Number of protein chains: 2
Amino acid sequence: MLIVQKFGGTSVGDIERIRHVAKRCLATKNAGHDVAVVVSAMSGETNRLLEMSREFREDQNDREVDVIVSTGEQVTAGLLALAIRDLGGDAKSFLGHQVKILTDSSHARARIQSIDAEPLKACFKEGKIAVIAGFQGQDASGSITTLGRGGSDTTGVAIAAALGADHCEIYTDVEGIYTADPRIVPDASKIARICYEEMLDLASLGAKVLQLRAVEFGMNYNVPIHVRSTFSEAEGTWVMPAEDDMEEVVVSGIAAVRDEAKITIRDVPDSPGAAYRLFEPLSEAGICVDMIIQSQSRDGRTDMSFTVASGDHNRSIELLSTVCADLTGAGEFLASEAPVAKLSVVGVGMRSHSGVAGKMFRVLSEAEINIEMISTSEIKISVIIAEGRVDDAIVALHKAFDLHLPAPERSSI
Amino acid sequence: MLIVQKFGGTSVGDIERIRHVAKRCLATKNAGHDVAVVVSAMSGETNRLLEMSREFREDQNDREVDVIVSTGEQVTAGLLALAIRDLGGDAKSFLGHQVKILTDSSHARARIQSIDAEPLKACFKEGKIAVIAGFQGQDASGSITTLGRGGSDTTGVAIAAALGADHCEIYTDVEGIYTADPRIVPDASKIARICYEEMLDLASLGAKVLQLRAVEFGMNYNVPIHVRSTFSEAEGTWVMPAEDDMEEVVVSGIAAVRDEAKITIRDVPDSPGAAYRLFEPLSEAGICVDMIIQSQSRDGRTDMSFTVASGDHNRSIELLSTVCADLTGAGEFLASEAPVAKLSVVGVGMRSHSGVAGKMFRVLSEAEINIEMISTSEIKISVIIAEGRVDDAIVALHKAFDLHLPAPERSSI
């Protein structure tokens with residue numbers, strides 16, 4: 001097989017851990033596989049480099065900041081290649097420009113456009129493990145770019161796609177993706193298999209483990225991703241294409257995004273262009289609007305509610321004040337008093353089960369948790385609730401959907 | 001003018017010093033010149049990176065060690081470009097591969113073969129200062145190489161040669177090259193101008209200030225090198241082609257190489273191939289033989305003396321024992337008892353003055369310092385003396401040749 005293995009910052013956090021990673025890579029190689037390894041910077045290193053660059057420039061979206069921070073992965077790649085050779089194996093490191101990881105020019109958040117896998121294939125032919133610096137690429141002009149926090153995941157899956165690898169292993173400091181945050185639900189179970197679409201919807205559960213862009217890449221190029229622990233041999237979570245027997249699992253997991261603010265604008269004229277005029281200034285300011293609900297129109301006017309990250313609340317109100325005064329003639333809009341959270345129940349099996357939403361609303365009602373907004377998709381039901389009640393809601397729903405049990409033992413909805 | 005400025009590790013040792021360097025670069029640019037800046041790693045950084053790589057590999061002559069250590073200069077280049085922009089200027093960083101600094105594949109001590117100056121010229125056209133990471137290049141296969149300790153000096157002079165720059169300024173933490181080591185001779189004077197050939201012979205005076213390979217590059221491409229302090233505006237030392245009025249200075253400086261060992265082999269057959277058979281094993285072991293003296297042959301046999309670094313003494317004796325037994329039939333050779341030093345008086349003006357050697361020997365004799373070996377070239381007289389007397393010898397010679405006085409005021413020999 002051809003296997004890509006990606007190791008995060010804590011996995012390569014010091015010399016001893018790098019030695020441990022070298023052993024794992026070598027074990028895979030010695031089992032008869034071709035191995036490409038993608039590495040992050042040693043934990044803390046990217047922050048150290050960013051701190052220095054901040055002495056001269058606050059904005060990270062800068063060609064020279066990328067020159068500086070990309071050295072973290074370069075050092076790890078060289079060290080891991082040395083460590084593998086020190087253990088009797090053979091290895092060669094590759095930087096972004098050496099495997100032509102071509103990206104756009106959006107420094108600090110560049111997107112991969114193409115990769116030249118030939119140097120890696122030549123490396124395999126020489127019987128060597130290829131060690132690739134994650135997180136970095138170069139744009140068409142030859143400037144170094146970086147892919148944003150967690151970007152090494154994307155490098156890993158993109159390299160796997162370019163090589164046509166059998167799968168990509170994402171090694172991290174947890175054992176996989178869980179049905180809920182184990183800090184809130186101690187008996188949350190590890191998800192054995194999950195499809196790309198569900199994983200994208202469970203973003204908040206996986207965000208610390210797996211960069212979303214990597215999941216998109218896996219989905220687009222059909223690369224199975226195995227999220228597992230560097231420090232154990234246990235199977236982790238496979239993120240892969242939906243399969244028939246996956247359908248049996250109605251609900252895969254429960255995720256929450258905290259620290260959101262809800263803004264409601266009343267009496268918006270129910271006319272073409274109103275939504276555009278409202279949200280255009282927010283979009284231009286780079287503010288991400290999450291859930292949007294438009295109520296049934298009454299007397300040609302409607303109410304609109306949406307959520308933004310709490311940090312963007314004041315700026316949103318500011319930007320909206322002018323356009324709202326124009327639109328409503330009064331500028332009468334209300335922000336939510338208390339911070340809210342978005343709670344999502346996700347599962348590809350929902351497509352063929354109508355009872356999930358009903359059960360969810362009943363469980364929340366029994367727990368006396370008020371639902372402020374509702375939004376649904378084919379494989380997800382999201383509700384906005386008071387942030388103070390989100391842990392209670394997760395615990396109640398996790399129990400109600402039997403998520404502490406192995407998938408086959410869960411009761412039907 | 002087009003000026004190349006090179007700043008060493010102490011000059012860019014922390015954020016404040018990088019800011020100071022940025023000011024100097026910008027001042028040169030604002031005076032109407034095109035400026036290319038070559039930077040070293042922040043002081044201590046190369047050692048930190050080498051220490052990590054030594055955990056897995058002792059030998060520095062390695063592709064992956066170069067991947068690791070080259071990041072030091074990369075970080076400085078990015079930071080200096082940011083610092084220049086922070087002060088209102090404009091700048092762009094370049095790594096070895098981005099200006100195609102092509103070298104051979106001798107990792108840790110690669111030699112520059114060519115440079116593509118076009119990206120730098122384009123940078124000047126945009127009105128920007130070009131900041132180049134020193135010390136690094138790439139070989140024909142695209143692997144990163146480094147040029148050895150002090151290699152950023154060579155990058156500086158090579159970039160100046162490739163650009164056809166007016167001169168190359170080497171900024172360091174001393175004010176220039178002195179007639180003798182100021183720690184030994186407190187009234188040593190700063191040399192205003194010195195020719196490349198003298199500078200090469202004064203290696204031990206300049207070694208901490210200027211890499212020899214950089215002097216060779218300057219000589220081959222006629223690049224005037226201005227060695228000066230980062231922390232003062234004073235003129236430093238110009239290393240440049242010999243000029244007519246330089247001839248007036250008979251002796252430019254006095255240098256010493258300590259910690260040498262003298263080895264004498266007696267009764268070597270005075271036949272073709274003897275020297276080759278003696279020195280070949282040393283050369284193969286990478287041991288650098290310095291001064292070699294062969295005495296007048298007597299009865300078909302001769303004595304040979306030479307010096308090596310003290311650290312190579314035991315290994316040399318070991319390597320020589322077999323070949324000496326064969327050659328002399330007895331293996332009777334003697335190492336010097338006490339460590340020796342090589343003391344050199346250098347000056348391009350010696351070519352037309354016969355009295356320098358005589359005066360040197362008289363001064364040493366008056367100080368009761370025994371001369372063990374003598375070697376001369378057109379512009380240098382070197383003697384081997386006991387290491388314990390080297391400071392006395394330097395002080396006496398410095399005084400005798402009036403080196404504490406400005407060049408025009410010195411008495412003739």
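A: Two strands pair if DSSP finds at least two bridges between them, and the strands (E, at least two residues), like the helices (H or I, at least four), are DSSP runs numbered from the N terminus. In this structure, Ile225(A) has Val239(A) as its bridge partner in E12(A). This is a predicted model, in which local features need pLDDT of at least 70 and side-chain atom pairs count only at pLDDT 80 or more, while totals for chains, interfaces and linings use all residues. Residues are numbered from 1 along each chain as its sequence is written, and chains are lettered from A and ligands numbered from 1 in the order in which they are written.

Q: In which sense do E11(A) and strand E12 pair, parallel or antiparallel?

A: E11(A) and strand E12 (residues 237-240) of chain A pair in the antiparallel sense, over 3 bridges. By contrast, strand E9 (residues 167-172) of chain A runs parallel to strand E11 (residues 225-229) of chain A, and 5 bridges join them; Glu169(A), for instance, has His226(A) as its bridge partner in E11(A).

Q: What rotation superposes chain B on chain A?

A: Two copies of a chain are related by a rotation about an axis and a shift along it. Here a rotation of 180° with 0.0 Å of shift along its axis superposes chain B on chain A, with an RMSD of 0.1 Å, where the superposition is by least squares on the C-alpha atoms of residues with pLDDT of at least 70 in both copies. That is the relation of a two-fold axis.

Q: How many residues does the contact take from each chain?

A: The contact takes 24 residues from chain B and 24 residues from chain A, two residues being in contact if their C-beta atoms, placed from the backbone, lie within 7 Å. H4(B) gives the most to the side of chain B that touches chain A, with 10 residues.
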